[in-house]
Amino acid sequence: MTPGARTMEKDASRVVVWLVPVDAVHPVRATTERPHYRLVQRNKRFEPGLLVVPVGSVVDFPNADPLFHNVFSLYRGKRFDLGLYQAGSHRSVRFDRIGPSYLFCNIHPEMTGVVLALDSELFGVTDKNGRYSIAGVAPGKYFLHVWYENATPESLQTLQRQVTIEDGNRTLPPISVKAVKPAPAQHKNKYGQDYDPEALKTDY
């Protein structure tokens, strides 16, 4: 699939576009066996910060930092708590619920990330210039969907449309995503409490 999405922002990355065949008889199932994905914890960051997977995929969370982490997601999407685990080890989660799961660390409040589980294997993520590509798209009719973290659900709903992919024309129409100002990067720990400033001074 030829690149074809743009936004009005200077940095137009992290916009997800996916296609669902109009005549799909069976949606993507969470029980389908899939390869594992990796979301690494390194330098007190999630790498990548946004990971897109088909629903039902297993994501490994290896700890590549020389300290402990406790990855959790309790706000939306797949809810889980991996507990405290040390450098060099990893935990895994099967994302069997469609939609975004917002990731945090119970020790390091600066760590945030998103796993977006889709009901499709045909998806692409934009770069800073708003360009993306989707591999393996056969000619046919599809429903086009868009997701962006800093956009309202209502505005994303208006971007859904039906598109036709032909052999001679595999370019999707331009997409303009209206971004809203993101909320301050503050969140509670897994207990619903503020992070303890004294605890943050430890070597964890």
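Is Ser13 buried or exposed? Select Ser13 and check. Its relative accessibility is 16%. The cut-off for buried is under 20%, so Ser13 counts as buried. Bear in mind throughout that this is a predicted model.

**Stop 1: before β1**

Stay on Ser13. This residue sits in the segment before β1 (16–21). Show its side chain together with that of Asp11: the two make a polar contact of 2.8 Å.

Step along to Arg14. Arg14 also belongs to the segment before β1. Look at the backbone here: phi of Arg14 is near 65 degrees, a positive value in a residue that is not glycine. With 33% relative accessibility, Arg14 counts as partly exposed.

**Stop 2: the whole chain**

Zoom out and colour by secondary structure. The protein has 1 helix and 14 strands. Of its 204 residues, 44% count as buried. Look also at how contacts span the sequence. Among contacts with a separation of 6 or more, 64% come from residues 24 or more positions apart.

**Stop 3: the sheet with β1**

Select β12, β1, β13 and β14. In that order they form an open sheet of 4 strands with antiparallel pairing. Which strands stand at its edges? They are β12 (122–125) and β14 (161–165), and each pairs on one side only. Neighbouring strands in this sheet are turned against each other by 30 degrees on average, ignoring direction.

Find Leu144: Arg161 in β14 stands opposite.

**Stop 4: the sheet with β6**

Now select β2, β6 and β9. They make an open sheet of 3 strands in that order, with mixed pairing. β2 and β9 are the edge strands; each has a single partner strand, so one side of each lacks a neighbour in the sheet.

Strands of a sheet can pair in parallel or antiparallel fashion, through backbone hydrogen bonds. Take the parallel pair here. Strand β2 (residues 37–38) is joined to β6 by 2 bridges. Pick out both bridges: Tyr37 partners Val59, and Arg38 partners Asp60.

Then turn to the antiparallel pair. β6 and β9 (residues 90–95) are joined over 6 bridges. At Ser57, look across to Phe95 in β9, which stands opposite.

Why call β6 enclosed? Colour residues 57–62 by accessibility. Of the 6 residues in β6, 6 are buried, so the strand is largely enclosed by the rest of the structure. In a regular strand, side chains alternate between the two faces of the sheet. Check both faces of β6. Ser57, Val59 and Phe61 lie on one side, and Val58, Asp60 and Pro62 on the other; all are buried.

**Stop 5: the loop with Lys78**

Select Lys78. This lysine lies in the loop between β7 (71–73) and β8 (80–81). Its side chain makes a polar contact of 3.2 Å with the side chain of Asp96. Leaving out residues up to four places away in sequence, Lys78 touches Ser73, Val93, Arg94, Phe95, Asp96, Arg97 and Ser101.

**Stop 6: around β4**

Go to Lys44, in the loop between β3 (40–42) and β4. Lys44 is not a glycine, yet its phi is positive, at about 55 degrees. Its relative accessibility is 34%, so Lys44 counts as partly exposed.

Now move to Pro48, in the loop between β4 and β5 (50–54). Show the peptide bond between Glu47 and Pro48. That bond is cis, with omega about 0 degrees.

**Last stop: the largest pocket**

The largest pocket holds about 1000 Å³ of space. Its lining counts 37 residues, and those closest to the centre are Tyr102, Val114, Trp147, Glu149 and Asn150.

Which elements give two or more residues to the lining? They are β4 (45–47), β10 (99–105), β11 (112–118), β13 and α1 (153–159). Finish on β10, which gives the most to the lining, with 5 residues.

Definitions and conventions. Residues numbered from 1 in each chain as written. Predicted model: local features only at pLDDT ≥ 70, side-chain atom pairs only at ≥ 80, totals over all residues. Heavy atoms only, no water. Polar contact = N/O pair within 3.5 Å; in protein donor to acceptor, adjacent residues only side chain to side chain. Contact = heavy atoms within 4.5 Å. Buried < 20%, exposed > 50% of the residue type's maximum accessible area, 1.4 Å probe, protein only. Pairing = 2+ DSSP bridges. Axes fitted to C-alpha atoms, helices over the stretch in contact; angles between N-to-C directions. 1 Å grid on protein atoms, 1.4 Å probe; cavity = no way out; pocket = protein on both sides within 12 Å on 5 of 7 lines; lining within 4 Å. Points joined across faces, edges and corners; volume = space filled by probe spheres on them.
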